[in-house]
Amino acid sequence: MTDPSTATVRLGRSGLVLDDREEALLCASLFYFRLPREVWEARLAQVRATGYRAIDVYLPWNFHETAPGAWDFEGRRDVGAFLDLAHEAGLAVIARPGPYICSEWDGGALPSWLALEDGLELRQAEPKFLEHVGRWFDQALPILAARQWGRGGSVVAVQLENELDFFDTHDRHAYLTALRDMAIGHGIDVPLVACAGQGDLIGATGGVDGIAPAFNFYPDDRSPFVEAEVRRYADLVGAKGLPLLVTETNRAHTTLRRLMASGATLLAPYLQASGYDLGYTPSVGNWGDPGGFMTHDYDFGGYLSPVGEARPETAEARTLAALARTLGPALARATTAAADGISADVPTSDSPSRLLLDGGGTLTGVPNLGDEPGTAVFAAADGLPETAIALAPFSCALVLRDLPLAGFGLPGTLRFASADLVAAGPEGLEFAARTASTIALEGAGGVQRVAIDAPAHGGSIVTEIASGADRWTVVVHHPEDVPAPDGTAGVIAPALPEPEILTSATRLELETRTGETTAHERPPASEEIGVYRGRTHYAAAVDGIGELLIEGAGDIVDLALDGTALASIARFGATVRVPVAGASRLDATVETWGHANFDDSRLPGLAIGSLRGLGRVWAIAASEDIASLWTVDGGEQWAGDPAPVRTLAGWSSTRIGRPVTYRRDLPVDGTSHYALHLDGLQTPCEITVDGASSIVSPNDPWVHFAPGEGHEIAITMPHWPVDGGGATLLRLEAVRDWQVEAQPDHALLALSAKDSAGTEVVLPLELGAGEEVWLDVPVPPGGRSLRFEGGQVRVSAFARGELLGRVWLDDAARPKFTGGDPGRLWSPGSWNTGAVRLLVHGTAGGARPRQAGGPAAPPPPPPPRPQ
């Protein structure tokens with residue numbers, strides 16, 4: 001903990017400087033909102049034991065404002081208590097209050113009801129949005145201000161917004177100025193930063209004075225071009241007297257070493273300490289093709305798993321942190337350059353980096369980007385002969401050369417070391433290495449060079465080196481034996497229970513909904529009736545209708561005709577046609593998996609701020625083929641006048657990729673709604689209707705015309721020699737008179753907490769399509785990972801009044817899942833009362849729904865976070 005009377009924080013060329021201690025900082029993402037409060041202290045201690053000195057933490061707006069004007073900072077939402085624990089653990093905090101955070105979190109933390117307000121523009125310098133942001137900052141920023149580093153707290157920097165350079169903010173300078181002024185007005189005096197998601201400094205900061213640029217790098221870990229890219233940004237900010245702050249990047253320490261050698265003084269790999277999306281909080285995002293559901297198991301392979309298991313990278317963390325701590329200001333103040341005179345027999349960097357250490361010496365990064373061991377050779381220089389070093393598979397050696405040792409109370413110079421220097425003092429030098437290493441020391445008797453075998457885990461190698469009257473004790477550890485900052489080795493991780501197959505359950509006599517409905521002329525958006533998270537149920541008569549057109553439905557739509565399950569749909573708002581001939585009643589249950597955390601225009605439900613619910617439902621009254629009789633304007637391709645008449649997309653030209661415009665009048669009556677379907681569309685195209693233009697995606701090749709629209713239409717697309725598709729114009733009539741039941745998350749939680757009699761059943765359980773039941777499943781004590789097997793089933797699991805999460809077992813309608821393991825739910829030990837309550841829904845997936853029991857055990861390691 002810091003002494004508030006002397007604590008200081010400043011941003012300088014050497015990075016974030018805490019209490020005048022200049023050191024390259026390693027920072028782990030650790031999110032209180034993805035962990036039960038009961039594990040906060042232990043997880044913070046685990047991070048501190050890896051040698052990382054800082055954490056970064058988002059504050060999700062919609063986690064704390066659960067409904068308009070309803071604020072919650074209690075229990076596991078008590079971010080102030082979390083920050084206090086971080087301070088007690090000796091961790092600095094970079095706080096990220098948004099207002100937008102991304103983080104694969106529901107809506108990127110922007111409350112879903114904002115989109116209901118006419119004229120409000122998200123992430124813009126627009127009065128209505130800024131008024132809402134002001135109310136959020138009124139709640140969040142005083143918590144941060146009171147816990148700033150110079151006031152006895154942990155907060156050393158505050159990030160405003162997040163990766164704004166991905167978003168079309170019209171006036172970035174005005175928007176970031178407004179956020180900056182709010183922060184200053186609330187007493188934030190630690191450095192303010194804004195991160196660029198794709199390297200656009202002005203796009204991220206707006207060029208606003210008082211906001212320092214930071215960068216998020218997500219390279220291919222095997223790319224040979226990482227160093228050159230990172231050095232460019234280090235030079236760019238260095239010319240302004242600023243440090244290179246990497247606020248997000250990949251988790252592999254091989255890559256982190258490459259970034260450090262290229263000039264980064266803050267390294268904050270995203271999600272080193274993994275978490276879990278408890279509740280109705282995952283997003284739908286931009287990682288699919290397009291679209292995808294984010295898993296509750298929020299894990300991208302960080303050094304701590306969602307349940308707190310320590311992974312092998314923890315040893316790499318301790319080693320790199322110890323090296324940064326040992327080199328201290330010399331590393332933090334270093335300047336970077338391209339290295340030369342190095343060759344390797346393995347895939348390596350196209351342009352490796354060398355740091356010119358302050359006070360003398362260099363640190364050179366030499367990557368092995370392959371999976372086999374290799375060798376790098378340093379050319380002879382400055383009195384040292386040519387030197388070969390061993391490279392471990394997929395690694396980055398950080399080679400020290402010509403480091404003066406006087407600052408450590410030792411004589412002479414460390415002329416060369418291929419092992420990592422993890423400690424130095426009057427007692428000697430300590431290194432860490434997985435391979436044989438070369439160490440050369442120069443003293444009164446000249447240069448002494450020694451080769452040291454690779455140490456075994458638990459068997460550090462001690463060597464005495466002498467040069468004339470100068471002597472050094474050299475110790476080489478295995479990385480697993482590098483001590484943590486408190487002197488201990490290793491990271492304590494929870495013991496994992498043995499897997500157990502769960503074979504029985506109690507089927508409860510509980511309703512799955514109340515049946516209380518209200519009447520609406522049209523199906524309302526879920527958010528319009530207070531369902532910001534949860535489900536909305538719709539019912540309407542469809543007598544005499546042959547086919548429906550549903551526009552904008554999302555996220556999960558379960559349809560039934562006359563009580564028989566028809567289909568499960570998860571199309572992210574794409575328009576769908578649904579045959580209903582012969583039926584008299586349509587029922588639809590729409591479950592919100594999450595709101596879009598990114599802004600993806602390819603599908604309606606992936607646009608930021610898009611609403612959830614059944615969307616617009618129409619009866620198809622008439623259909624007309626309009627693929628023919630389009631006039632063609634090829635622009636510069638030819639000067640035809642009068643224009644030729646062709647089928648849509650039917651013009652042939654040698655000028656591939658050049659735009660072609662097709663025009664025609666549509667047979668609309670001026671009083672009806674219409675929908676135009678561009679069947680076979682293969683590239684995005686620009687559609688101009690009555691002078692107004694928009695882009696139509698092949699993922700949702702539909703255009704809606706309101707009454708009076710659509711008389712004149714022009715479609716511009718790049719010419720590409722393909723078989724022509726078709727164009728169909730549908731005349732629509734609204735389906736009216738709906739009965740709607742709102743079932744928000746708190747209503748579902750209330751149902752899950754009710755007592756009920758039950759009947760014992762044996763797993764696996766078979767359900768009918770559309771059937772929904774409550775089950776109690778006994779779970780052995782302690783923290784447990786619950787896994788499910790089967791198909792055509794969705795499962796929601798509840799414990800201690802909270803939703804643990806949801807899984808959707810194999811189903812043709814299921815979208816791609818991204819993040820961690822989609823089949824795992826986590827029951828924290830403190831929440832385990834001996835059973836979990838399941839709401840199980842059989843989907844209409846084309847086969848008999850079936851749910852089996854699963855082992856209460858952890859899953860295989862997750863894949864890396866896609867970018």
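According to an unreviewed UniProt entry, residues 16-222 carry the annotation "domain: Glycoside hydrolase 35 catalytic". The structure described here is a predicted model.

An open sheet is built from six strands, which follow the order E40-E39-E41-E46-E43-E44 with antiparallel pairing. Strands E40 (645-646) and E44 (692-696) stand at the edges with a single partner strand each, so one side of each has no neighbour in the sheet. Between strand E43 (residues 685-689) and strand E46 (residues 712-718), the antiparallel pairing extends over four bridges. Thr688 has Ala714 of E46 as its bridge partner. In general, the strands of a sheet are paired through backbone hydrogen bonds.

Twelve cavities of 30 Å³ or more are present in the structure. The second largest cavity holds about 120 Å³ of space. Its lining comprises four nonpolar, three polar and five charged residues; among the lining residues are Tyr280, Asp558, Glu591, Arg794 and His841. Strands E37 (585-591), E54 (793-799) and E58 (835-842) each contribute at least two residues to the lining of this cavity, and E54 contributes the most, with three.

Across the whole structure, 43 salt bridges are found. In one of these, Arg147 is joined to Asp84, with the closest N and O atoms 2.9 Å apart. Arg147 belongs to the loop between helix H4 (127-145) and strand E8 (155-160), whereas Asp84 belongs to helix H3 (residues 79-88), so the pair ties together parts that are 63 residues apart in sequence. Asp84 is partly exposed, its relative accessible area being 32%.

A salt bridge also forms between the side chains of Glu771 and Arg507, at 2.7 Å from N to O. This pair links distant parts of the chain, 264 residues apart: Glu771 lies in the loop between strand E50 (765-766) and strand E51 (772-778), and Arg507 in strand E30 (residues 504-508). Glu771 is partly exposed at 29% relative accessible area, and Arg507 is partly exposed at 27%.

In a further salt bridge, Asp600 meets Arg602, and the closest N and O atoms are 2.7 Å apart. Asp600 counts as buried because its relative accessibility is 9%, under the 20% cut-off. Arg602, at 33%, is partly exposed.

Notes: Residues are numbered from 1 along each chain as its sequence is written. This is a predicted model: local features need pLDDT of at least 70, side-chain atom pairs count only at pLDDT 80 or more; totals for chains, interfaces and linings use all residues. Side-chain values use heavy atoms; hydrogens and water are left out. UniProt positions are given in the numbering used here, feature names are shortened, and annotations may be inferred rather than shown by experiment. Two strands pair if DSSP finds at least two bridges between them. On a 1 Å grid over the protein atoms alone, a cavity is a set of points where a 1.4 Å probe fits but cannot get out, and a pocket is an open set with protein on both sides within 12 Å along at least five of seven lines; lining residues have an atom within 4 Å of a point. Grid points are joined across faces, edges and corners, and a volume is the space filled by probe spheres set on the points. Ala, Val, Leu, Ile, Met, Phe, Trp, Tyr, Cys and Pro count as nonpolar, Asp, Glu, Lys and Arg as charged, and the others, Gly among them, as polar. A salt bridge is a side-chain nitrogen of Lys or Arg within 4 Å of a carboxyl oxygen of Asp or Glu. Buried means under 20% relative accessible area, exposed over 50%, partly exposed in between (1.4 Å probe, protein chains only).
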